[in-house]
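Have it open beside you as you read.

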Amino acid sequence: MKKIIITFLLSASLLVSCTDLEVAPNSFVTEDNYFITQDDAVASVTAVYASLSLDPGEQSLFGRNLYFLTDMGSDYAAAGVSATNPQVRAMSSLTHDATNDRVQVAWRQIYNGINRANVSIDNIPKVSGSEVIKTRLINEAKFIRALLYFQAVRLWGGVPIVLHEAKSINLGDLKTNRSTVEEVYTQIIKDLTDAEALPKTYTAADAGRATSGAAKAILAKVYLTRKDWPNAIAKAREVIDGGYGYALFEDFQDIFTKTKKNGKEHIFSVQFEPNQAGNGSSGSTFQATSFTGFTATEPADIISDVALFYDIYAPGDKRRDVSYAKQLLNPATGTLYTFPKPIFKKYLDLSNLATPSNVAINFPVIRYADILLSLAEAINEQGGPTAEAYELINQVRRRAFGKAITTPDVTVDLVGLNQTSFRAAIQEERKKEFVQEGQRWYDLVRWGTLVTEVKKVTAKNSVSERNNLYPIPQSERNINPDGLPQNPGY
């Protein structure tokens with residue numbers, strides 16, 4: 001699945017810019033001449049997955065573009081000297097507005113994926129083939145649709161809910177108004193509940209497809225975001241106790257080692273292969289933007305403040321040197337090079353630093369450590385820390401320090417905290433654990449601490465309450481100004 005690249009002509013985005021709408025198509029592939037066989041159904045769902053990792057001519061959604069909003073829009077990531085795009089620099093300083101092209105592209109990419117999912121969900125029932133396979137494919141598409149709506153509702157608040165394919169290029173037919181936040185979450189939960197019927201595992205050839213465990217894991221995060229502690233606890237426990245075989249890697253580095261993709265900690269990842277898009281501006285561009293070679297030149301993506309984010313790791317915490325690199329061995333000279341400022345490291349292919357566009361490390365959308373910490377957080381919020389909650393966070397900490405994961409260790413285990421201090425401990429662990437994994441902005445907004453935390457970074461002190469949401473792209477509001485009212489502060 002992960003090696004198949006398809007340009008699926010039916011998957012035009014439902015919500016696109018005015019410029020795109022003014023282009024008359026020369027031909028149109030319809031469901032009547034495409035959806036015939038089971039192979040067509042499989043190909044259509046492969047195109048749904050591809051919406052996460054491919055966008056020829058543009059950085060892909062999970063290959064970097066979402067990073068601008070979820071990481072650079074937070075406190076720890078910033079634009080380096082090599083980031084010359086003024087739109088990117090505006091994102092870094094939190095001075096962006098509704099015309100920012102990174103926000104517009106993220107909106108387009110998310111709705112492009114949603115529309116691809118809608119095309120599959122609407123049309124797969126009529127193809128010939130196994131009903132079991134068809135149902136599975138529909139539920140895979142629902143999983144991706146829910147995942148994308150989960151990004152959208154957190155980024156923009158209430159967004160248009162589109163559940164069927166676009167069958168017209170008429171501007172009036174394409175207008176869809178904003179739904180409420182509650183309505184969007186209701187749809188997300190419905191899709192994920194259907195996706196819980198997915199298989200637990202796949203054969204090696206299909207590794208990376210959405211599973212029932214992935215659906216339950218995203219549901220746990222949905223409920224955590226909604227502060228629905230009982231349901232967050234229930235779903236997280238189903239992931240842990242459901243017989244999926246999930247576990248922490250013993251070595252934190254293994255999470256980002258290309259030979260250990262789709263391993264026991266990876267609940268759902270966006271799949272990346274070397275040069276999978278055939279050009280350097282699609283697929284994953286994290287390596288090229290985090291590493292510009294053995295020079296003093298800052299890469300495009302940098303740490304905002306060394307003291308606040310690099311120096312905070314206790315001695316022996318292995319997460320620091322997996323997340324950041326202060327030194328790297330130059331394979332051409334055999335010398336150990338020291339960078340002026342630590343660079344991001346998780347997505348560097350250390351075996352292939354000479355050709356940075358070839359990065360093949362998957363993006364972990366959700367992994368087992370996230371479920372452990374989410375369950376610990378929900379338990380604490382419901383009534384304070386328990387023995388179970390301590391064990392969950394301590395397993396993550398033990399792995400971080402290279403200890404036996406399930407064996408109590410007085411040198412790293414947390415004890416004796418109240419609800420407030422346990423909450424602070426969870427927040428600190430997440431900050432150290434999920435660097436450059438698209439979690440930080442969502443976490444800060446969820447905790448209500450975005451403004452407080454981001455203000456600690458001098459270069460980002462223009463942050464305000466408006467930054468708890470992103471602006472509805474102006475290009476979309478130009479199409480439907482009454483149905484897409486702007487978020488406050490923009």
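1. Is Asn262 buried, exposed or partly exposed? Asn262 is partly exposed, at a relative accessible area of 25% (under 20% is buried, over 50% is exposed, and partly exposed is in between, with a 1.4 Å probe and protein chains only). Asn262 sits in the loop between helix H11 (229-241) and strand E2 (266-270). Its phi is near 55°, a positive value in a residue other than glycine.

2. Before going further, some ground rules. This is a predicted model, where local features need pLDDT of at least 70 and side-chain atom pairs count only at pLDDT 80 or more, while totals for chains, interfaces and linings use all residues. Residues are numbered from 1 along each chain as its sequence is written, and side-chain values use heavy atoms, leaving out hydrogens and water.

3. Now the overall picture. The protein chain has 20 helices and 6 strands (DSSP runs numbered from the N terminus: H or I of at least four residues for helices, E of at least two for strands). Of its 490 residues, 59% are buried. Take the contacts (heavy atoms within 4.5 Å) with a separation of 6 or more: 70% of them are between residues 24 or more positions apart.

4. Leu94 also has a positive phi, of about 60°, although it is not a glycine. You'll find Leu94 in the loop between helix H5 (86-93) and H6. With 3% relative accessibility, Leu94 counts as buried.

5. How do H4 and H6 pack? Helix H4 (residues 61-70) and helix H6 (residues 101-123) have axes 9 Å apart, at an angle of about 130°. Axes here are lines fitted to C-alpha atoms, for helices over the stretch in contact, and angles run from 0 to 180 degrees between N-to-C directions. H4 and H6 are therefore oblique to each other (under 35 degrees is roughly parallel, over 145 roughly antiparallel, 65 to 115 roughly perpendicular, and the rest oblique). On the H4 side, Leu61, Asn65, Phe68 and Leu69 meet Arg102, Val105, Ala106, Gln109 and Ile110 in H6. Those residues divide into 6 nonpolar, 2 polar and 1 charged (Ala, Val, Leu, Ile, Met, Phe, Trp, Tyr, Cys and Pro count as nonpolar, Asp, Glu, Lys and Arg as charged, and the others, Gly among them, as polar).

6. H4 has another partner, helix H18 (residues 440-447): their axes come within 8 Å and cross at roughly 30°. That makes H4 roughly parallel to H18. Leu66, Leu69 and Thr70 of H4 make the contact with Arg440, Trp441 and Tyr442 of H18.

7. Have a look at Lys221, in helix H10 (residues 212-225). Lys221 is buried, with a relative accessible area of 6%. Its side chain makes a polar contact with the side chain of Gln439, at 3.3 Å (a pair of N or O atoms within 3.5 Å; within protein, one must be able to donate a hydrogen and the other to accept it, and residues adjacent in sequence count only if both atoms are side-chain atoms). Leaving aside neighbours within four places in sequence, Lys221 is in contact with residues including Phe150, Asp370 and Arg430.

8. Last, Asn418, in the loop between helix H16 (387-400) and helix H17 (419-433). Asn418 counts as partly exposed, at 48% relative accessibility. A polar atom of the Asn418 side chain lies 3.1 Å from the backbone nitrogen of Thr420. Asn418 and Pro385 are 33 residues apart along the chain, with their C-alpha atoms separated by 6.9 Å.
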